[in-house]
Amino acid sequence: MFLRRAAALLLLLPVLPLKAETLADYVRQDLQTPAAFTQLACGEQLYAQAALANIYAARKDLPGWVDDRDALPAAVKMLDAIRESRDDGLQPPDYHFHAINHLLDSLHAPDLSADQRRRRLAALEVMLSDAFITLAGDDRYGRVDPEKLNPPAGGVRRGDLGPNLQAALNGVDPQTLIRSFLPQTPEYAAMRAALAHYRALRAGGGIPAIAPGAALRDGDQGERVAALIAHLVAEGDLPAVASKGTRFDSHVQFALKQYQARHGLNSDGIAGAKTLELLNRPAADWINLLRVNLDRLRRLPRNPPATRLVVNIADFHAVLLVHGRIKLAAKVIVGQPGKQTPEFNDWIRYLVVNPAWDVPPSIAGEELLPDVQKDPGYLKRHGYEVLQGWGADERPVDPASVDWKKLTQDTLPYHFRQQPGPENPLGRVKFMFPNRYDVYLHDTPAQGLFGASQCAFSHGCIRVAHALELATELLRLDGRQHPAQLLKAALAGGKTRQIALAHPIAIYIEYLSAWVNATGMLESRPDFYDRDPEVLKLLNGPFPWVPACSDVSPSP
């Protein structure tokens with residue numbers, strides 16, 4: 001009886017409407033269960049779901065890109081920033097460009113209920129924030145994860161961009177914030193401009209190819225020379241005022257020599273097979289080359305020290321910058337294609353004068369052991385010690401007591417050390433910056449190898465020309481009095497000596513197959529390690545979802 005009366009009383013109570021979901025509620029739902037809004041967002045998923053959930057929880061899930069009625073002006077500015085990412089060689093679809101446009105358009109659909117509008121606004125809010133975090137990270141640290149490269153490259157560890165997103169959500173111009181993450185250097189701006197130049201060339205139909213035929217040289221004339229002149233004008237090597245006619249004259253020859261020099265070719269002023277092949281390279285190839293190297297620049301640390309040593313592996317060249325100006329330039333020898341020199345940055349902490357060489361196990365087994373098996377006197381003649389054990393347990397072994405022919409690379413129980421001397425491959429000095437790759441800079445007795453066009457002969461370490469001059473400059477920068485005399489005395493002693501640097505010098509080991517030189521002209525070098533295709537593949541990497549809003553095939 002009591003239950004029946006209670007039920008009757010409940011029927012008499014007024015029916016209260018269910019509480020409507022707020023915009024903040026939908027934002028929280030979308031971040032907790034993203035599958036709920038993927039259909040609204042063209043099937044696209046979030047890159048940074050966990051980070052966004054924490055960021056929005058700290059602000060009680062309140063939106064910053066939208067309000068209850070529409071998208072705020074900041075949303076349009078963020079969309080503009082995404083669109084502009086193409087100018088940096090990135091792809092706007094990677095940053096929800098089509099999904100965000102679709103959601104913006106859907107807000108103006110007829111007969112949209114208030115609840116439907118809030119759902120779409122919440123999805124738009126989350127998409128914009130995910131795009132901000134992702135694009136800001138790619139601008140600041142590079143799109144390609146350096147650890148996915150082979151060999152892995154060094155880079156700046158990705159930091160927390162949450163405070164920057166909070167700033168954008170609280171009213172700071174997102175477009176300005178996004179731009180601030182890009183390298184703010186003349187070199188980056190110039191390479192960005194070069195990308196725009198080649199895109200404009202492609203949009204205009206490109207430059208007509210130079211027809212196959214014999215090498216072109218001073219005194220030639222005809223349609224092929226006219227095509228050569230058109231290329232040199234488009235590339236900026238030949239002023240338009242000097243481009244009249246179809247004759248290969250001294251102006252064309254000078255321009256061609258400049259073109260060859262800045263692309264690492266023999267600068268002879270003759271358009272031979274290699275030069276013609278490069279001149280006929282499609283604009284699309286140059287575009288991809290620039291996109292790859294722009295991402296390499298984004299990967300580098302911001303605000304590098306004005307005094308630093310920079311090695312460009314692809315250019316076989318090193319420069320010592322002191323207060324931003326070149327103090328010393330030198331050729332370098334880098335690793336063979338099968339034993340590549342890695343890309344990373346570190347600090348030179350000490351020099352070793354008259355260094356001994358501890359032979360790496362791979363070289364000991366693959367190269368030194370066969371020589372010893374052929375000639376047991378090889379070790380003594382070339383100044384090698386045979387050692388067993390390591391550290392405190394290390395002890396010398398008499399080479400004559402070893403039956404070398406019974407040993408293989410896998411069973412070799414010894415290691416070798418070559419004493420300082422004229423045959424030591426480390427030369428007279430090495431520059432140490434302890435790192436995970438066990439790579440360092442050093443002198444070499446084989447100075448003749450620096451004359452090669454492609455100096456890739458080492459096992460990964462970097463041999464530098466003018467090593468003593470470099471050592472002297474580093475000691476001078478360290479505040480040493482009379483550094484040349486100090487180095488000379490240390491060398492004359494003949495014994496291995498370590499000289500610590502009180503002020504370590506930054507070293508940047510880069511692989512730039514294209515860059516813009518001090519005169520504003522693009523330079524390139526052959527990709528002899530074949531690293532560019534791998535970077536380009538990752539740069540164009542597949543979407544982690546199947547987009548449904550639009551055709552989003554990459555458009556470099």
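**Figure 1. Buried residues and the overall build of the protein.** Of the 556 residues in this protein, 48% are buried. The model shown here is a predicted one. Its chain forms 18 helices and 15 strands. Among contacts with a separation of 6 or more, 69% are between residues 24 or more positions apart.

**Figure 2. The surface and its charges.** About 27400 Å² of the protein is accessible surface, and carbon and sulfur atoms account for 55% of that area. The side chains include 61 positive and 62 negative ones. The centres of these two sets lie 3 Å apart. Side chains of opposite charge can pair when their charged atoms come close. In this structure, there are 29 salt bridges, and the next views visit some of them.

Figure 3. Because arginine 179 belongs to helix 8 (residues 174-180) and glutamate 84 to helix 4 (residues 73-84), the bridge ties together parts that are 95 residues apart in sequence. Arginine 179 is partly exposed, at 42% relative accessibility. Glutamate 84 is partly exposed as well, with a relative accessible area of 23%.

Figure 4. Aspartate 237 and arginine 262 form a salt bridge, with an N to O distance of 2.5 Å. Aspartate 237 sits in the loop between helix 10 (223-234) and helix 11 (250-262), while arginine 262 is in helix 11 itself. The two residues are 25 residues apart, and their pairing links distant parts of the chain. Both of these residues are buried.

**Figure 5. A salt bridge between two strands.** The side chains in this view belong to aspartate 358 and arginine 417, which meet in a salt bridge of 2.7 Å, N to O. Aspartate 358 lies in strand 5 (residues 357-358) and arginine 417 in strand 8 (residues 415-418), so this bridge ties together parts that are 59 residues apart in sequence. Aspartate 358 has a relative accessible area of 42%, which makes it partly exposed.

**Figure 6. A cis peptide bond.** Look here for the bond between asparagine 150 and proline 151, which is cis, with omega about 0°. Proline 151 is placed in the loop between helix 6 (114-141) and helix 7 (162-169).

**Figure 7. Two loop residues with positive phi.** Asparagine 303 is not a glycine, yet its phi is positive, at about 50°. This asparagine 303 is in the loop between helix 13 (283-299) and strand 1 (308-312). With 74% relative accessibility, asparagine 303 is exposed. Aspartate 530, also not a glycine, has a positive phi of about 60°. The loop that holds aspartate 530 runs between strand 15 (522-524) and helix 18 (532-539). Aspartate 530 counts as exposed too, at 53% relative accessibility.

Technical notes: Residues numbered from 1 in each chain as written. Predicted model: local features only at pLDDT ≥ 70, side-chain atom pairs only at ≥ 80, totals over all residues. Heavy atoms only, no water. Salt bridge = Lys/Arg side-chain N within 4 Å of Asp/Glu carboxyl O. Helix = DSSP H or I, 4+ residues; strand = E, 2+ residues; numbered from the N terminus. Buried < 20%, exposed > 50% of the residue type's maximum accessible area, 1.4 Å probe, protein only. Contact = heavy atoms within 4.5 Å. Areas by Shrake-Rupley, 256 points an atom, 1.4 Å probe, with all protein chains shown as cover. Lys, Arg positive; Asp, Glu negative; His and termini not counted. Charge placed at Lys NZ, Arg CZ, Asp CG, Glu CD.
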